[in-house]
Amino acid sequence: MAQQLAVVTGASSGIGRATAMQLATRGWRVIAVARRRERLEQLAAQAAAVGAGEVVVEPLDGADPEAVAAMAARVRERYGTPGAIVNSAGAGVWRWPEDTPPALMEQLLDSPFRTAYHVTYGFLGAMLAAGSGVILHVGSPASYVAWPSSTGYSISRWALRGLHESLLQDLHGTGVHSCHVMFAEVTSEYFETNPDSWEHAPWLGKLIPAITPGEAAEVIVRTLHRPRPLVLHPQLLRLQFGLFRVAPGVVRTLARATGRQRVS
Ligand SMILES: NC(=O)c1ccc[n+]([C@@H]2O[C@H](COP(=O)([O-])OP(=O)(O)OC[C@H]3O[C@@H](n4cnc5c(N)ncnc54)[C@H](OP(=O)(O)O)[C@@H]3O)[C@@H](O)[C@H]2O)c1
């Protein structure tokens, strides 16, 4: 059987890194995408040291459509069509809307949204021609209920969810699947890289126990093998989501009441 090929963005840290490592350990060849080359090279060396599948490093900024297109062309030519794309690259500080000038908003849209879109676009034609594959997006509960003072962060996650929702419609019956996998807190470096975010997060979200990047990666790998449109983890997040489905206004109010308050 041909070696399975996955493209994992955000592979230099957190959920993306853990996913890349788990896939490599299971024998996949992994195209590891993120901006920090040295982090990706460490991952590749770690995978090689344990005899895992090859990790190919592709350091780039996912916001740059030309860099992503060149990477996708290289990968298709050298290794073929991926069976999986994991869109896990993401960043973003939390700000009130009046503190989010247009330049900052552009930056906040760069990842996860633009990076996921560029990478998906780079491989979608080939995946459709193959008639198989999974495109998995790592999302946040803020893509349903925006958290207070997280304007650009939330919008970029809503846009990612929008990409997933439109792929769900447009890929129907093609053999290519789109999956939106949402977690509550994951103990990655996210909150160090994006200072202030955790302090601003609503207590509503903090009631759900945190999971490790490794646990998140297990959920992602399971979903790649058994694709579903929406995966929520852990269990308590499913409960919160169930409440949102029947009473969205209640969840909005709770998020507002337990989140950051304006100082007048
Ligand atoms: N941690 C949580 O509690 C949590 C919960 C739910 C959802 N999420 C979402 O999951 C996603 C991943 O979070 P994480 O916890 O794994 O964070 P993380 O540890 O900070 O990792 C983020 C990854 O994204 C990459 N990245 C950011 N901007 C990029 C760009 N423009 N181009 C290419 N790569 C880029 C970073 O690599 P470089 O800096 O090397 O480029 C890094 O590898 C985020 O969208 C986050 O909102 C996180």
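**Entry 1, α1 and α2.** I began with the two helices, and α1 passes α2 in a right-handed crossing. A crossing is called right-handed if the near helix is turned clockwise from the far one by less than a right angle, and left-handed if anticlockwise. I noted that this is a predicted model, in which local features need pLDDT of at least 70 and side-chain atom pairs count only at pLDDT 80 or more, while totals for chains, interfaces and linings use all residues. Residue numbers run from 1 along each chain as its sequence is written. Helices (H or I, at least four residues) and strands (E, at least two) are DSSP runs, numbered from the N terminus.

I then looked up the geometry: the axes of α1 and α2 come within 10 Å and cross at roughly 25°. Axes are lines fitted to C-alpha atoms, for helices over the stretch in contact, and angles run from 0 to 180 degrees between N-to-C directions. α1 and α2 are therefore roughly parallel to each other. The classes are roughly parallel under 35 degrees, roughly antiparallel over 145, roughly perpendicular from 65 to 115, and oblique for the rest.

For the residues that meet, I listed Arg-17, Ala-20, Met-21 and Ala-24 in α1 against Leu-43, Gln-46 and Ala-47 in α2. Residues are in contact if their C-beta atoms, placed from the backbone, lie within 7 Å. By class, I have five nonpolar, one polar and one charged residues for the contact of α1 with α2. Here Ala, Val, Leu, Ile, Met, Phe, Trp, Tyr, Cys and Pro count as nonpolar, Asp, Glu, Lys and Arg as charged, and the others, Gly among them, as polar.

At what angle do the axes of α1 and α9 cross? I found roughly 60° for helix α1 (residues 14-25) and helix α9 (residues 213-225), with the axes coming within 8 Å. That makes α1 oblique to α9. The crossing of α1 and α9 is right-handed. On the α1 side the contact residues are Gly-14, Ile-15, Arg-17, Ala-18, Thr-19, Gln-22 and Leu-23. On the α9 side they are Pro-213, Gly-214, Ala-216, Ala-217, Glu-218, Ile-220 and Val-221. I sorted the contact of α1 with α9 into eight nonpolar, four polar and two charged residues.

Seven strands form an open sheet, ordered β3-β2-β1-β4-β5-β6-β7, with parallel pairing. Strands count as paired if DSSP finds at least two bridges between them. β3 (55-59) and β7 (230-233) stand at the edges with a single partner strand each, so one side of each lacks a neighbour in the sheet. Neighbouring strands are turned by 15° against each other on average, direction ignored.

I checked the bridges next. β1 pairs with strand β2 (residues 29-34) in the parallel sense over five bridges, and Val-30 in β2 is the bridge partner of Ala-6. Five bridges also join β2 to β3, where Glu-58 of β3 partners Val-33. Helix α2 (residues 37-49) lies across β2 and β3 and runs at about 180° to β3. α9 also packs on the sheet, touching β4 (84-87), β5 (133-139), β6 (176-183) and β7, and its direction makes about 160° with that of β6.

Is strand β1 buried or exposed? Five of the five residues of β1 (residues 5-9) are buried, so the strand is largely enclosed by the rest of the structure. Buried stands for 20 or more other C-beta atoms within 10 Å of the residue's own, exposed for 12 or fewer, and partly exposed for in between, with C-beta atoms placed from the backbone. Leu-5, Val-7 and Thr-9 point one way from β1, whereas Ala-6 and Val-8 point the other way.

Gly-92 sits in the loop between β4 and α4 (102-130) and counts as buried, with 27 C-beta neighbours inside 10 Å. Leaving out residues up to four places away in sequence, I found that Gly-92 touches Leu-108, Gly-152, Tyr-153, Ser-156 and Asn-194. Ala-48 is in helix α2 and is partly exposed, with 13 other C-beta atoms within 10 Å.

Most residues other than glycine have a negative phi, and most peptide bonds are trans. I noted a cis bond from Ser-111 to Pro-112, with omega near 20°; Pro-112 lies in helix α4. The bond from His-233 to Pro-234 is cis too, with omega near 5°, and Pro-234 is in the loop between β7 and α10 (235-246). Ser-149 is not a glycine, yet has a positive phi of about 60°. I placed Ser-149 in the loop between β5 and α5 (151-170).

Key
Contact = placed C-beta atoms within 7 Å.
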